[in-house]
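The following note sets out points for a colleague who is examining the model shown here.

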Amino acid sequence: MNRKEFLQTSLMGAAAVAATTTGAGLLTSCAPKNNTPLRISFQEGTAPGKTLEEKFDYMENLGIVGFEPGGWNLANRVNEFQQALSGRNIKISAICAGFSGFLLAEDPAVKAQFDSTMRDIIAAAGELGSTGVIMVPVFNHQKPCLPHTLETRQYLCEQMYELGEYALKHNTTVILEPLNRREAHYMRQVADAAAIARDSKSAGVKCMGDFWHMSEETSDYAALMAAGSKYLQHVHIASRGTRQMPGENGELDNYVDGFRALKEMNYPYYVSFECGCAGEREVVLPAAVELMRNQWEMA
Ligand code: MG
């Protein structure tokens with residue numbers, strides 16, 4: 001190839017690149033808007049009201065479509081929840097823990113407590129159509145626990161496999177929740193929980209992100225994307241300075257980056273309130289919902 005031919009080829013290449021870039025730009029600007037809906041869920045203590053009826057009426061008025069009760073005594077509350085939710089546009093989003101004992105207990109009696117209570121909760125969660133049961137393998141204060149070694153991780157994966165398969169039989173899942181280092185050093189990041197779910201080798205083992213604990217992450221977007229649609233089954237939200245209602249910590253309460261990840265993966269599950277409330281609930285709760293919807297729109 002002589003110099004003239006080379007220049008011609010290069011120019012053609014450059015033109016082709018320019019055309020492609022312009023085409024891609026046009027495609028992006030004409031791409032359909034991402035219509036993934038934001039499905040908001042409340043825990044039992046989130047909405048004002050003395051009874052479930054009052055709480056669900058309040059939630060329906062705000063367009064809240066998910067409900068996340070605690071797992072304690074769940075088997076005895078299945079009928080109560082089914083009746084209260086009948087005919088409403090609210091579904092059980094997830095079940096928040098509620099078991100006794102813990103999975104990584106050194107004491108076999110404490111482990112056995114976990115095994116039986118967790119299985120009871122999983123079975124009830126299945127009856128309620130829950131996406132899963134949230135669990136933490138061990139909190140910092142739970143002792144004595146197995147040492148944090150390779151063998152313990154392998155043991156955790158084997159135990160999670162058993163739980164995951166049991167959950168699948170009941171048409172639900174188990175959802176690993178990473179916490180921050182002050183509460184649980186064992187599993188602190190969403191990607192770590194997702195890797196444990198993967199290594200458990202059961203489709204019934206999933207993970208979640210909690211915007212409060214995600215202060216451990218360098219990027220909300222990367223953290224949620226690392227779990228992706230294969231493993232991410234639930235999300236918790238709170239204000240990011242003091243764990244109150246979203247918006248109660250002002251500028252800190254930015255969820256746009258994380259919401260963008262959820263929209264890009266067409267996240268089909270729930271973003272559920274798990275937080276306290278510093279202000280007047282009737283004022284800050286609707287404001288929190290509005291803030292989330294605005295940021296979802298921006299994401
Ligand atoms: Mg949480």
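This is a predicted model: local features need pLDDT of at least 70, side-chain atom pairs count only at pLDDT 80 or more; totals for chains, interfaces and linings use all residues.

1. In strand β1 (residues 40-43), I40 and F42 point one way while S41 and Q43 point the other way, and all are buried. Buried here means under 20% relative accessible area, exposed means over 50%, and partly exposed lies in between (1.4 Å probe, protein chains only). Helices (H or I, at least four residues) and strands (E, at least two) are DSSP runs, numbered from the N terminus. In a regular strand the side chains alternate between the two faces of the sheet.

2. Residues are numbered from 1 along each chain as its sequence is written, and side-chain values use heavy atoms, with hydrogens and water left out.

3. Strand β1 pairs in the parallel sense with strand β9 (residues 271-273) over 2 bridges, and I40 stands opposite V271 in β9. Two strands are said to pair if DSSP finds at least two bridges between them. Strand β1 is also joined to strand β2 (residues 66-68) by 3 bridges, and these two strands run parallel; S41 stands opposite G66 in β2. From β1 the chain crosses through helix α2 (residues 52-62) to β2 in a right-handed β-α-β crossover. Right-handed means that, with the strands pointing away from the viewer, the path from the first strand over the helix to the second runs clockwise.

4. What is the strand order of the open sheet of 9 strands? The order is β3-β2-β1-β9-β8-β7-β6-β5-β4, with parallel pairing. The edge strands are β3 (91-92) and β4 (95-96), each of which pairs on one side only. Elsewhere in the sheet, β5 and β6 pair in the parallel sense over 3 bridges, and V133 has V174 in β6 as its bridge partner.

5. Helix α3 (residues 78-85) has V78, F81, A84 and L85 as its buried residues. These residues lie on the same side of α3 because they cover an arc of only 145° around the axis, the arc being that of the directions from the helix axis to the C-beta atoms. On the other side of α3, N79 and Q83 are exposed.

6. N73, in the loop between β2 and α3, has a positive phi of about 65° although it is not a glycine; at 32% relative accessibility it counts as partly exposed. N171, in the loop between α5 and β6 (174-176), has a positive phi of about 60° and is likewise not a glycine; at 68% relative accessibility, N171 counts as exposed.

7. The peptide bond from K143 to P144 is cis, with omega near -5°. P144 is placed in the loop between β5 (133-135) and α5 (150-169). Most residues other than glycine have a negative phi, and most peptide bonds are trans.

8. The lining of the largest pocket divides into 9 nonpolar, 3 polar and 4 charged residues. Ala, Val, Leu, Ile, Met, Phe, Trp, Tyr, Cys and Pro count as nonpolar, Asp, Glu, Lys and Arg as charged, and the others, Gly among them, as polar.
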